[in-house]
Amino acid sequence: MKLKRLSDLIEIVKSLDKKTLIAVNAVDGHSLEAIAEAVELGIVSAVVTGNRDEIIKQCAEKRIDDSLFQIIQAGTDEEAAGLAVQLAAKTSGCILMKGLISSDKFMRAILNKEAGLLPAGGVLSHVAVDDNPNYHKLLIVSDVAIIPYPTVLQKIAMTHYLKEMALYL
């Protein structure tokens, strides 16, 4: 089944092998609700990092069963990011999710050379899929904010990532 609209995504993902979602500093209700929904849909198993007491408090407020995911205690945002990235480096095919943490702290942990997420010479970029109801197909875009002035080699890598996503869809 090819992805025609983003609304088709859940059914496609359900047919794939379950991934491990690792959420960085998931101490807010919105992140925890999204994670719980994904776990309940059966598309991921989940690990969350952050202040254990705050995570359990938020789960109680949102009526989320905190046993749906593993909680890894972290005292600070930076520690939560570091622990999540270390786990992601050891977990094949995982999904790293940004919780309630500033982008600079999140990116600093991902780009930490000791963590091993970005291979030597690798290009960190992202690919986004847009579903515009006024257009007949999905749009795939790359790197709208991470690399402000990409080099030719970075543009080649970004184009490769776009191609891989388009072939997957």
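Here is a walk through this structure, from its overall build to a few single residues. It's a predicted model, so local features need pLDDT of at least 70 and side-chain atom pairs count only at pLDDT 80 or more, while totals for chains, interfaces and linings use all residues. Residues are numbered from 1 along each chain as its sequence is written, and side-chain values use heavy atoms, with hydrogens and water left out.

Let's start with the big picture. The protein has 6 helices and 6 strands; helices (H or I, at least four residues) and strands (E, at least two) are DSSP runs, numbered from the N terminus. Follow the sequence and you get the pattern α-β-α-β-α-β-α-β-α-β-β-α. The radius of gyration is 17 Å, close to the 15 Å that the globule rule gives for 169 residues, so the protein is as compact as a globular protein of that length. (That radius is taken over C-alpha atoms, and the rule is 2.2 Å times the number of residues to the power 0.38.) Along its principal axes, the C-alpha trace spans about 45 × 35 × 25 Å.

Now look inside. Of the 169 residues, 31% count as buried, where buried means under 20% relative accessible area, exposed over 50%, and partly exposed in between (1.4 Å probe, protein chains only). In soluble globular proteins, nonpolar side chains tend to be buried together. A nonpolar core here is a set of buried Ala, Val, Leu, Ile, Met, Phe, Trp, Tyr and Cys residues joined through side-chain atoms within 4.5 Å. The largest one has 19 residues, and Leu32 is among those that touch the most other members. The largest share of this core, 5 residues, comes from α2. Leu32 itself touches residues including Val48, Ile55 and Phe69, leaving aside residues up to four places away in sequence; contact means heavy atoms within 4.5 Å. There's also a second, separate core of 11 residues, which includes Ala84 and Ile101.

Asn25 sits in the loop between β1 and α2, and its phi is near 55°, a positive value in a residue other than glycine. Arg63, in the loop between α3 and β3, has a positive phi of about 60° although it is not a glycine. Buried or exposed, what is each one? Asn25 counts as buried because its relative accessibility is 5%, whereas Arg63, at 80%, counts as exposed.

Finally, glance at helix α6 (residues 152-168), where you'll find Leu153. With a relative accessible area of 67%, Leu153 is exposed.
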